[in-house]
Amino acid sequence: MGWNKRTWMMLAAVSGLLSVAFGAFGAHGVSDPKAQEWLKTGAGYQAIHALATLACALFIAQGARGARFAPALFLGGTVLFSGSLYLMALGAPRWLGAVTPLGGLGFMAGWLVLAWSARTLRQDD
């Protein structure tokens with residue numbers, strides 16, 4: 001399986017599924033308020049970036065070739081940002097929270113790549 005549009009779209013769909021699962025777990029499966037907050041935050045950001053990863057296919061289809069780099073940043077950011085929150089909610093040590101901002105940087109880099117790649121699109125006036 002190569003890193004192509006189909007792969008990114010499949011990973012985006014799985015990421016969306018996991019965001020719903022972790023969000024539901026946070027709402028119904030844990031009683032600790034801090035763990036609930038971490039799960040809710042992680043699930044929200046994961047859902048947004050699963051959709052952003054799908055949107056990359058539209059950017060690419062419209063000719064924004066640079067957008068092909070954004071899915072890796074969005075999904076990598078999800079692993080670091082949401083993943084670290086999920087792990088802490090499940091009992092991992094709190095120092096893992098130091099990884100969370102790295103995921104946020106991945107998210108921001110992905111959005112920057114999309115913005116930069118959009119400049120190459122033809123304008124329809």
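Modeller: Leaving aside its neighbours within four places in sequence, His49 is in contact with Phe74, Thr78, Phe107 and Trp111. Please keep in mind throughout that this is a predicted model.

Biologist: Which helix is His49 in? And is His49 buried or exposed?

Modeller: His49 is found in helix 2, and it counts as buried because its relative accessibility is 4%, while the cut-off for buried is under 20%.

Biologist: At what angle do helix 3 and helix 4 pack, and how far apart are their axes?

Modeller: Helix 3 and helix 4, which covers residues 100–118, pack at an angle of about 160 degrees, and their axes are 7 Å apart. An angle over 145 degrees counts as roughly antiparallel, so helix 3 is roughly antiparallel to helix 4. The crossing of these two helices is left-handed.

Biologist: OK, switching to helix 1. How does helix 1 pack with helix 3?

Modeller: Helix 1 (residues 5–28) and helix 3 (residues 70–89) pack at about 20 degrees, with their axes 11 Å apart. Angles under 35 degrees count as roughly parallel, which means that helix 1 is roughly parallel to helix 3. Their crossing is left-handed.

Biologist: Which residues meet there?

Modeller: From helix 1 there are Trp8, Leu11, Ser15, Ser19 and Phe22, and they meet Pro71, Ala72, Leu75, Thr78 and Tyr86 in helix 3. By class, this contact of helix 1 with helix 3 has seven nonpolar residues, three polar ones and no charged ones.

Biologist: Which residues of helix 1 are buried, and what do they pack against?

Modeller: The buried residues in helix 1 are Thr7, Trp8, Ala12, Ser15, Gly16, Ser19 and Gly26, and the buried residues of this helix pack against helix 2 (33–61) and helix 3.

Biologist: Why would residues a few places apart point the same way?

Modeller: An α-helix has 3.6 residues a turn, so residues three or four places apart point the same way.

Technical notes:
Residues are numbered from 1 along each chain as its sequence is written. This is a predicted model: local features need pLDDT of at least 70, side-chain atom pairs count only at pLDDT 80 or more; totals for chains, interfaces and linings use all residues. Side-chain values use heavy atoms; hydrogens and water are left out. Axes are lines fitted to C-alpha atoms, for helices over the stretch in contact, and angles run from 0 to 180 degrees between N-to-C directions. Helices (H or I, at least four residues) and strands (E, at least two) are DSSP runs, numbered from the N terminus. Angles under 35 degrees count as roughly parallel, over 145 as roughly antiparallel, 65 to 115 as roughly perpendicular and the rest as oblique. A crossing is left-handed if the near helix is turned anticlockwise from the far one by less than a right angle, and right-handed if clockwise. Contact means heavy atoms within 4.5 Å. Ala, Val, Leu, Ile, Met, Phe, Trp, Tyr, Cys and Pro count as nonpolar, Asp, Glu, Lys and Arg as charged, and the others, Gly among them, as polar. Buried means under 20% relative accessible area, exposed over 50%, partly exposed in between (1.4 Å probe, protein chains only).
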